[in-house]
Amino acid sequence: MGEPTQAEGSPTHNVPQPCANCGAPLSGRYSAACGQRAVEARDFSVIRLSRDWLAADFSLDSRGLVTLRRLLFAPGRLSVDYMAGRRSATYSPFQIFVLVSLVFFLLPDNYDIVKVPARWFFGEFMDLTNAKMESLELSYAELSILYDNRVGTNSKLGLITIIGALALVSWIIGFGQVKEFGKHFVATLHNVCFVMTMFLLMIPLIVLINVLLPIDLPRRGIEAFSAMLVLIYITLSQRCVLRVGMMRSIYHGILLFVALVASIYFYRIGISWLTLWSL
């Protein structure tokens, strides 16, 4: 007596569905061959799509905490690990930069270190401001709104130019220890990400202190404290990356700190002028 056959068109209960990616049978929700998960209707919800995007770009797991801890408290460690090929435990320098830059886009004018708002900039370039008001037939207030809407985006999109300039300075002064420009670029990228992250963490702390305590923290004092932290961080990062003594690290740190301040200053002026000129 022959084996019973399944009637044509009858349901295929208990028959494993093939993986849409490789064609192998699924083991539960995953392919035993390629590991891809089976597609479900809920995969296309906004929440799931957002989570998948973040997971793909930033691997939302313990790597985030490890990366943040090393970035803040171990100057140069991320750079040295990345150069040595120890990369699985942390984000790449470019992932860190993209993530920090996305948060930086949300900063208000008072805390944005690369954006010069119209109320501060127009007074320095009144000739160009008046010419734009006349050519566009806009009032001072209308031109300010138009400029402020543009300069925030422009200033953040061009941040990579600051990193390139600082990496060039780092390469020149540290060529004897590390010859590859790309390694100096990676170290500079981490240093700039530290500066941006430091400001992002300090802003809520300053606001909280002003709310809880009856004091108004002096702006100059905050700037001096921030500058000291940045100088110390860059110095220790140079010592870790270049493997040089403390005195040489201090020398490199001072040069790079001066280059950082100068780069930010000229970058702010340049981006602001180009933004106003291009309106």
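Reader: Where does the charged end of K179 sit?
Author: Please keep in mind that this is a predicted model. The charged end of K179 is placed over the ring of F175, at 5.6 Å from the ring's centre.

Reader: And which residue lies over the face of Y82?
Author: That residue is R87, which is 3.9 Å from the ring centre of Y82.

Reader: Back to F175, please. Which cluster is it in?
Author: Ring pairs join F175 with F94, W171, F181 and F185 in a cluster.

Reader: How many aromatic pairs are there?
Author: The count is eleven aromatic pairs. One of them is formed by F122 and Y140, and its geometry is edge-to-face. The two ring centres are 5.6 Å apart, with 90° between the planes.

Reader: Where in the chain are F122 and Y140?
Author: F122 belongs to the loop between α5 (118-121) and α6 (126-136), while Y140 is in helix α7 (residues 140-157). They are 18 residues apart, and the pair links distant parts of the chain.

Reader: Is F122 buried or exposed?
Author: F122 is buried, because its relative accessible area is 0% and the cut-off for buried is under 20%. Y140 counts as partly exposed, at 37% relative accessibility.

Reader: A new topic: how many disulfides does the structure hold?
Author: The structure has zero disulfides. A disulfide is a covalent bond between the sulfur atoms of two cysteines.

Reader: What is the relative accessible area of C193?
Author: The value for C193 is 0%, so C193 is buried. C240 has a relative accessible area of 27% and is therefore partly exposed.

Note on methods. Residues are numbered from 1 along each chain as its sequence is written. This is a predicted model: local features need pLDDT of at least 70, side-chain atom pairs count only at pLDDT 80 or more; totals for chains, interfaces and linings use all residues. Side-chain values use heavy atoms; hydrogens and water are left out. Rings of Phe, Tyr and Trp (its six-membered ring) pair if their centres lie within 6.5 Å; planes under 30 degrees apart count as stacked, over 60 as edge-to-face and the rest as tilted. Helices (H or I, at least four residues) and strands (E, at least two) are DSSP runs, numbered from the N terminus. Buried means under 20% relative accessible area, exposed over 50%, partly exposed in between (1.4 Å probe, protein chains only). A charge sits over a ring if NZ of Lys or CZ of Arg is within 6 Å of the ring centre and within 35 degrees of the ring normal. A disulfide is a pair of cysteine sulfur atoms within 2.5 Å.
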